[in-house]
Amino acid sequence: MGFDEMDVDTIWKNGEFLDWEDATTHVLTHALHYGTGVFEGLRSYETEQGPAIFRLEEHLDRLFDSAKMYDMEIDHSREEITEAIVELLDRQDLTSCYIRPIAYYGYDSLGVSPGDCPTDLVLAAWPWGTYLGEEALEEGVDVMVSSWRKHASSQVPTNVKTTGLYVNSMLAGEEARRNGYVEAIVLNKEGNVAEGPGENVFMVNDGEVYTTGQAQSILEGITRDTVITLAEERGYTVHDEAVISRGQLYTADELFFTGSAAEVTPIRSVDDTEIGSGTRGPVTEELQEAFFEVIERRTDDHDEWFTYL
Ligand SMILES: Cc1ncc(COP(=O)(O)O)c(C=O)c1O
């Protein structure tokens, strides 16, 4: 669904609330030409204890880390950004939605060096359902191993979230969809599993949980951290720096994706090879249920992860 079909009308930019159509940027903006933006994607949920933003603190930590990597000065404090997000949601009556903060080198000059380009900060929010489809949460998704490799962290930093890096995600995801799959799994330069275009990958084998770590050129997701925590609390051994070969994907007992957009989505096949029984596996189901129990606030556990509106 396009933005024009959504009931949203306000964007926050550089300290001001603007009408949606006025939230524009010049065509000679540095970030448009060189991918020099850093961003976050997080969700607010309508929970049993009221609407609440999930893990805002950790997303702000990552936003500031990403900015640091590109020498960007964000002129607004965490407190200002938090207040602005809460007001942005309030002004648009949004409770369950996706939130997109983005900081980028703006308009001044177009050398590759950002020179005196200002850092613009924008906050937007809109309703966004399950990223890979409602049915996917139960049935799982069909994925392919992309022919595109993930850039190595020695080429561009992969531990931060910068706009330019998403051309790799776009190419991998579109290749998968052109071939009839829902999503891709991207291998790293060495040919081992890195992650999805916008998700981390988990594997379950013999009752133990595996996921790749930063050494495999991944973005360490906040949902990944959430699921690791929930799995360990339930007594699972979690290998969070795992090296997963391509072959291990096909023989895994269970596979699933995690991400702020994808939440916890089972993977039922890779390159047309059924994973496990070809549907959501029992460990995936347990961890998915634990995840939804927390984010819907059906438990008092992990209240520290929530910023109530
Ligand atoms: C490349 C990539 N990996 C992993 C993730 C999952 O991260 P998170 O759980 O923090 O949303 C994302 C989504 O932001 C991503 O874009």
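This is a predicted model: local features need pLDDT of at least 70, side-chain atom pairs count only at pLDDT 80 or more; totals for chains, interfaces and linings use all residues.
**Entry: domains**

I began with how the chain is divided, and found domain 1 at 3-126 and domain 2 at 134-295. I then looked up the spacing: their C-alpha centres lie 26 Å apart. For the contact between them, I noted 21 residues from domain 1 and 10 residues from domain 2.

Which elements give two or more residues to the side of domain 1 that touches domain 2? I listed α1 (30-34), β3 (37-39), β4 (42-47) and α2 (56-69). Helix α2 holds the largest share here, with six residues. I also sorted this side of domain 1 by class and got nine nonpolar, six polar and six charged residues.

**Entry: a strand pair**

Next I turned to β12 (residues 208-212) and β13 (residues 238-242), which run parallel and are joined by three bridges. To get from β12 to β13, I followed the chain through helix α6 (residues 222-233), and this β-α-β crossover is right-handed. Within the pair, I found V209 opposite V238 of β13.

**Entry: the ligand**

Helix α6 came up again when I looked around the ligand, where it gives three residues to the shell, the most of any element. How many residues surround the ligand? I noted 14, and the closest are G221, I222, T223, G259 and S260. Besides α6, strand β14 (254-259) gives two or more residues to this shell. By class, I have the shell down as two nonpolar, nine polar and three charged residues.

Definitions and conventions:
Residues are numbered from 1 along each chain as its sequence is written. Two strands pair if DSSP finds at least two bridges between them. Helices (H or I, at least four residues) and strands (E, at least two) are DSSP runs, numbered from the N terminus. A crossover is right-handed if, with the strands pointing away from the viewer, the path from the first strand over the helix to the second runs clockwise. Domain bounds come from an automatic or database domain assignment. Two residues are in contact if their C-beta atoms, placed from the backbone, lie within 7 Å. Ala, Val, Leu, Ile, Met, Phe, Trp, Tyr, Cys and Pro count as nonpolar, Asp, Glu, Lys and Arg as charged, and the others, Gly among them, as polar. A residue is near a molecule or strand if its C-beta atom, placed from the backbone, lies within 6 Å of it.
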